[in-house]
Amino acid sequence: MGVVQIVFSPTGGTKKVADVITSEWGQPVRTVDLSDAEADFDSVSLEKGDVAVIAVPSFGGRVPAPATERLKKIHGNQAFAVLVCVYGNRAYEDTLVELSDAAQESGFQVAAGIAAIAEHSIMHQYAAGRPDENDQKELREFAAKIWKKIEENKGEMAAPSLPGNRPYKKAGGGGMVPKADKNCIGCGLCASICPVQAISKEDPTVTDSSKCISCMRCVARCPQKARKLNSVMVSAAALAMKKVCSVRKDNELFI
C-alpha cells in the first residue's frame, strides 16, 4: 500500500494540511505537484490499494480549473482517495463535490473527504496562522479514522456523502492580478513557478490577466517582495468579507 500526495498548493497552505494528514500514517509519501504547468500528468499511475491524498484550495467555492484538468489526466486505477479541500475561513461551497467527481472520473475510489482551514492567501488576517496546533491535532485524528476505515474495507468502498451542489456554482473570474513594482530585478522566478504560465519569461513585469488565477504564488515566492496586489482592492475585499470570515470555522470530516 503506497501513499501519494496529489496536491495543488500555490502558497503552501494546502500542502501543509496534506503533510499533517499523511504524517499520521507513518508511510513513505510520493508527491505529485498539480501546480507544475510542465509536468506530464498522463504518465502518473497509481495501483489498487494505494492511498492518495488529493488536496486543493477552494477558489471561490470551486476547485481551481488547472487542478481539475490535471487530476483528470492521472490514472487512479481504483486507488483510495482522501479528498482535502482547504479554504481561508470563508466557505468551500461546491469544492468537495467537484473534486470527488474529478477523482472518480480518473478512476479513484473516494474513501473520505476533509474540509480544512488555512490562512487566507490574499487577506492574511483571516485564519492567520492556521492550521494551528489545534487544527493539526484534529487533522491527525481525522487521518487515524480514515486509515482505520481503509484497513477495514480493502475491497470496494462506498463513497461518503459530501456537501455541495451539482451543477456547481458558477466559477468566478480571474480576480486580482498581482503586478511587479520597482523592486523587480527581472530574475524570472515568478514566471518559472507560475502554475498557469501567466507571467512572461522574457519580461516578468508582464502578466496575462486572462490566464492569471490569482493563486498568489508569485507574491509569496518573490525574493524581492516585488509583486503586489492593488491595496485598495484588497482592503475593499477584506471589508466585504469581514463578517463571514471573522468567526473561527472548524475543520470537517466526511467518512
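Strands E3 (residues 51-57) and E4 run parallel and are paired through seven bridges; pairing here takes at least two DSSP bridges between two strands. This is a predicted model, where local features need pLDDT of at least 70 and side-chain atom pairs count only at pLDDT 80 or more, while totals for chains, interfaces and linings use all residues. Residues are numbered from 1 along each chain as its sequence is written, and side-chain values use heavy atoms, with hydrogens and water left out. Helices (H or I, at least four residues) and strands (E, at least two) are DSSP runs, numbered from the N terminus.

Getting from E3 to E4, the chain passes through helix H2 (residues 65-71) in a right-handed β-α-β crossover. Right-handed means that, with the strands pointing away from the viewer, the path from the first strand over the helix to the second runs clockwise. On the E5 side, E4 pairs in parallel with strand E5 (residues 109-117) over eight bridges, and Phe 80 sits opposite Gln 109 of E5. The link from E4 to E5 goes through helix H3 (residues 95-105), and this crossover is right-handed too.

How many residues of E4 (residues 80-87) are buried? Eight of eight are, taking buried as under 20% relative accessible area, exposed as over 50% and partly exposed as in between (1.4 Å probe, protein chains only). In a regular strand, side chains alternate between the two faces of the sheet. Both faces of E4 are covered, with Phe 80, Val 82, Val 84 and Val 86 buried on one side and Ala 81, Leu 83, Cys 85 and Tyr 87 buried on the other.

Now for the whole sheet. It is open, has six strands in the order E2-E1-E3-E4-E5-E8, and its pairing is mixed. Strands E2 (29-33) and E8 (252-254) are the edges, each pairing on one side only. Neighbouring strands are turned by 15° against each other on average, direction ignored. Strand E1 (residues 3-7) runs parallel to E2 and is joined to E2 by five bridges, with Ile 6 opposite Val 32 in E2.

Helix H1 (residues 13-23) lies across E1, E2, E3, E4 and E5, at about 165° to E1. Helix H4 (residues 133-152) also packs on the sheet, touching E1, E3, E4, E5 and E8, and its direction makes about 175° with that of E5. Contact means heavy atoms within 4.5 Å; axes are lines fitted to C-alpha atoms, for helices over the stretch in contact, and angles run from 0 to 180 degrees between N-to-C directions.

Asn 89 counts as buried because its relative accessibility is 2%. A polar atom of the Asn 89 side chain is 3.0 Å from the backbone oxygen of Val 247. Leaving aside neighbours within four places in sequence, the contacts of Asn 89 include Ile 117, Arg 130, Cys 245 and Lys 249.

Cys 245 is also one of the buried residues of helix H7, along with Val 234, Ala 237, Ala 238 and Met 241.

Technical notes:
A polar contact is a pair of N or O atoms within 3.5 Å; within protein, one must be able to donate a hydrogen and the other to accept it, and residues adjacent in sequence count only if both atoms are side-chain atoms.
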